[in-house]
Structures are given as C-alpha cells and as structure tokens.
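Look over the sequence and the model before reading on.

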Amino acid sequence: MIVAIDGPAGSGKSTVARALSQRLNLVFLDTGAMYRSVSVVCLEKGISLDDTEAIIKEAREIQITFGNSPEGQTVFANGHNVTQAIRTPEIDACVSRVAAIPEVREAMVVLQRRAGEAGDVVAEGRDIGTVVFPKAEVKVFLTADPEARAHRRAVQREGKDTATNASATADAAEEKKILEDIKARDEADSSRKVAPLKPAPDAHHIDSSHMTLNEVVDAVVALHPGLQERDRHAPRASRHQSTHETKTSSSDDSESHRSADQKRKGTREKKSGDKKLKAFRGNSCDDYFDTGLLNFPLPAKIFLRIAIFVLMVVTKLWFRWSIANASLLKDDRRPRVIIMNHPSMFDPVMMVAYLMWHHIPVRTIYKSEFDKNPLVKWLFSRVGAIPVERGKADMKAIRRSVAAIGRGECLLIFPEGTRIRDNHIRPEIHGGFALIAQLAGCDVQPAAIFGALDIKRANSPVIRPVKIWGLAGERISFADLQATKRKDQAREMEELGMDRVYELRDQLMREHPGRN
Ligand SMILES: Nc1ncnc2c1ncn2[C@@H]1O[C@H](COP(=O)(O)OP(=O)(O)O)[C@@H](O)[C@H]1O
Ligand SMILES: Nc1ccn([C@H]2C[C@H](O)[C@@H](COP(=O)(O)OP(=O)(O)O)O2)c(=O)n1
C-alpha cells in the first residue's frame, strides 16, 4: 500500500504523512528532505548553484538515511546528521533550484522507489503521485491558502506549532517575508519543466486551511478501505494522536504513553468510524454519527430496516409517489453527494427510504436545531442522519460527511437549509455540499421533488393523500467543470448543482400543471 501526498510548502504534508505513518504503521518517506540534503551537501562543499555538473555528481553519490529520535525524524547525509541544517532559510532559498535539475530528480526518484519497495509507505513531496509512484493506491493533493501556510511556517520557525496551538502567533514582518518566499517557491515548483508541482488527475484534493491535523489525517484514512482496515487493526494507542504525541512517541511503549495521556485529558477513546458498535453498550448519538451504517449494532439495523419497510408501504399507499429516471439513483452504487430541493418534511423520507430500500447506504444531513429534542436526536442518529450547524463552517459535520463517503455511503443534502414553501423562488443556498464532495473526491448528483407543497393546507394538521413526484438527474463531476482553481470549482459546482436541481423541479412542474 502506497499513500502519495503532494502539495505546496506548508500545506502540512510532512506533519500529516508522519502522523499517518505512526497511526497506521507505514514507512514515512520525506522526499523534500532528500532534495534538501543534496542542497546542504553542495552548500557545505562550496558548490555554486550554477555548477549543475557538480550538483548532479553529488546527487548521484549521496547516501541518505532516515532515523528516529525522541524529537522526531532525523536525517543523515553521507553519514552526517543534517536534520537541523536542511531546515535553514539558506536551504529554503536554494532547494527549488537544486530540485529543478532533471538529473538530480532522476537520482532521487531511484532512491525513493527503492524505499517504496519496503511495501507500506506514505511518501510526501511534489511529484509522488504523478512521477515517483503513479500507481499509488491513495493519492492526496494537500493544499492551504498561502497566508495560512506562511503563518504556519513562521510559527514553526519560532519553535512553536500551529497544529498543537491554533492561536500561536509569529513575528508579523517575518511572516510577510515567508509569505513572499512561499509564493516564489510555489511559482518555481509549479512552473519548472521537469515534474512540476501539479495534482495527479486521480488525486483527492484536501484543503487544510481550516482543518486541524487530526481532521486531515481522518480525511486521508477515510479515502481508502485499505487504510480504514489498517486503522481498525492499528494499536489503539496510535489513533488520534496530536502532533506533539506524534513527534515524541518514538518509544514502543506507546500504549502506556496513551493511557497516561488519556488520564490527563480525562477523555474516553473516540470510536473509529469503522469499529462495529456493540448492542446495549450505551452507544451515544455521536457514536452513530461516526460509525458506518454497516457497523451499526444489530438491533439498530433491524430497527432501520423495519422503519424503511413501514415508510415505503405507508407513504407509497398514501402519496402514490414515484421517481422518474430512478435507475440513476438505484443502479449507481458509487458514493456521492445527492442534492435536492426541500419543500416539505416528506422529502428526506422519500429519498432515504427509496435508496435504502434498494440497499444504497445513505446519510442525510439535518440542521442541528433538531437536536434540542433528545428523542429526535436519538431517532435521527439511528437512521444514519448527521447534524450540521448552519451558518458556520461546521468542520465536525464536514469531517463526518467526508468519512461517510470514504466508507462508500451516499450523502443526501438539502442545500436550501430549511423548507422552502414556494416553488417559484430561488433562495440563497448553503454551499457546503460542493466542499464536501470536493474533499471526498466524489461527484454531485442533483434530484428534485414536486407536489409535496400540497400535502398540507396552511394552518391545517391534515396530511392529504396527494400524488408526489421525484426526478433524478445525472451526476456532475468536478472533472467536467470549467474552473481550474479549487475555490472556483467549488463555487461553480454550487451554482451548477443547484441550477440542475431547479431545472429538474421545473420540469416536474411543467409536467403536472395545477399542482404545487
Ligand atoms: N492542519 C493543520 N493545522 C494547523 N497547523 C498545521 C496543520 N498541518 C500542519 N500544520 C503545521 O504547519 C507547519 C508546516 O507543516 P509541514 O508538515 O512542515 O508542511 P509541508 O511539509 O507541507 O511543508 C508545521 O508546524 C505543522 O505542525
Ligand atoms: N518530491 C519532491 C519533494 C520536494 N521537492 C522540492 C520542492 C521544495 O521546494 C523543496 C523542499 O521540499 P519540502 O517538502 O521539504 O519543503 P517544504 O516543507 O514544503 O518547505 O524540494 C520536489 O521538487 N519534489
């Protein structure tokens, strides 16, 4: 199993790769450290950056070894410890030029592939998924805003760490200088002729600007069943480590390290998304939000199947509903984000019951206001729904959603956020669905419902037996969008996705005049 993590400077590649390697017991390969080592050797020997021949000779002859110390990874070049020397501003300034020499890259790629023969490796750099390991099972392109990256790096240079101390500050002038350096290095790494920094077409994009380290690591684990499997079997100690723990826990006695830490924090170990929930063990609603539907305890599964059966029979008889183009929903088993208009409380019932009836696992996103009623929260958690706090970037909900998709589940999202009791308006939407799909590397599928506004007359409690129609649309892939930048892609997906939803609704409206 090879996990390839590429991305620009300061996006968190090394930290994430290191944490992942410890959590899942993979070999960690820091390829940036290799180019840096060549640069250090050249600098120490007084080789000019213009002397390409001499640099190539050093690259071909260099011996690089990685070790471990209580402070973290150590790097040796030609037998000398260069762990500190490779992280200086002088090396930052010259490493891009060294790494741009094709023969230097060839020499490093040979060493990197040899390291890959170790089997289970997480490698990070700029060209891992594109050049070094194009057949890697998991490819991640990790990014973050340049400002966030400069801030992290500035804090890191002062010996602090944004991953463990989110409010850490750094010297503003220094941060500005680093920002300029990062932008220049982005440009140099992206525009060089050989192996430029660019995502592999099959890479999963993760923007870490507003994610914690653990959220990024969780998102990577969620990408591949093989990683989830390793995570299930990993020693409990290595799950959900903080960066600090990652850096200092080179000791094999990590289980006791963890227990001490747990006692200190007074926390209960968080259940992994794929651990089977046992029945009658006091599972919390959070356990259900974080666990795959397949791993719900048997009584919850039986409850869910009965609920689906009853809902299908009762609502089919009462509303005589049908879904057109239904094969696009039920014959497609790929995980995706399904978006829909939201005129009534019946909408999630129809879609969830229909998909689950056809054995397509689906989780609905619902507004967390419902959680005020503990009974509703209990019920929603048992039918696989996930709460979201509207009006803010609810990272927990995003992480849970991405993890669900990583497990092969679909997500049903109502971007309108609340019921819209008018078929002629286009309300402002909550765009989180595009971000989730982007982070999870999946498509978005639009669908629509029509007729549900007639279910109840204003101020009447009577549920009328009116006919209701659904219509499924074709999936939209990020690869089909015009935009090239991630933020623009998310925006385009939001607009295009909702355009399609309303086109589908308007089609149903035209087909059934006189109805609402
Ligand atoms: N998700 C994150 N949130 C906050 N800080 C982070 C995050 N990921 C990494 N960091 C911190 O940012 C700094 C740069 O990360 P690093 O892994 O060295 O980046 P890269 O290898 O991509 O250049 C480190 O101090 C690291 O602890
Ligand atoms: N696989 C790789 C890894 C790094 N490089 C280059 C790109 C960077 O400018 C340098 C240093 O990489 P490194 O990941 O250590 O640098 P940052 O931590 O991102 O600042 O090497 C590369 O070209 N290919």
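Which ligand has an oxygen atom 3.4 Å from a polar side-chain atom of Lys13? That ligand is ligand 2. This is a predicted model, in which local features need pLDDT of at least 70, side-chain atom pairs count only at pLDDT 80 or more, and totals for chains, interfaces and linings use all residues. Residues are numbered from 1 along each chain as its sequence is written, chains are lettered from A and ligands numbered from 1 in the order in which they are written, and side-chain values use heavy atoms, with hydrogens and water left out.

**Ligand 2**
- The shell holds 19 residues, counted when a heavy atom lies within 4 Å of the ligand.
- Closest are Arg36, Arg105, Asp127, Arg153 and Arg185.
- Polar contacts are pairs of N or O atoms within 3.5 Å.
- Asp127 places a polar side-chain atom 2.8 Å from a nitrogen atom of ligand 2.
- In the side chain of Thr31, an N or O atom is 3.0 Å from a nitrogen atom of ligand 2.
- Ligand 2 exposes 520 Å² when taken alone, and the protein buries 98% of that (Shrake-Rupley method, 1.4 Å probe).
- Helices α2 (31-44), α4 (89-99) and α8 (172-191) each give two or more residues to this shell; helices are DSSP runs of H or I with at least four residues, strands runs of E with at least two.
- The most come from α2, with 4 residues.
- By class, the shell has 10 charged, 5 polar and 4 nonpolar residues. Asp, Glu, Lys and Arg count as charged; Ala, Val, Leu, Ile, Met, Phe, Trp, Tyr, Cys and Pro as nonpolar; the others, Gly among them, as polar.

**Ligand 1**
- Gly10, Ser14, Thr15, Arg153 and Asp161 come nearest among the 18 residues around ligand 1.
- Backbone N or O atoms of Gly10 and Lys13 each lie 2.8 Å from an oxygen atom of ligand 1.
- For a polar backbone atom of Gly12, the distance to an oxygen atom of ligand 1 is 2.9 Å.
- The protein buries 94% of the 560 Å² that ligand 1 exposes alone.
- The shell has 8 polar, 6 nonpolar and 4 charged residues.

**Strand β11 (residues 362-367)**
- In β11, 5 of 6 residues are buried, meaning under 20% relative accessible area (1.4 Å probe, protein chains only).
- β11 runs parallel to β13 (residues 410-413), joined by 3 bridges; strands pair if DSSP finds at least two bridges between them.
- Val362 has Cys410 in β13 as its bridge partner.
- β11 also pairs with β12 (residues 386-388), parallel, over 3 bridges.
- Ile365 stands opposite Ile386 in β12.

How values were computed: A polar contact is a pair of N or O atoms within 3.5 Å; within protein, one must be able to donate a hydrogen and the other to accept it, and residues adjacent in sequence count only if both atoms are side-chain atoms. Buried means under 20% relative accessible area, exposed over 50%, partly exposed in between (1.4 Å probe, protein chains only).
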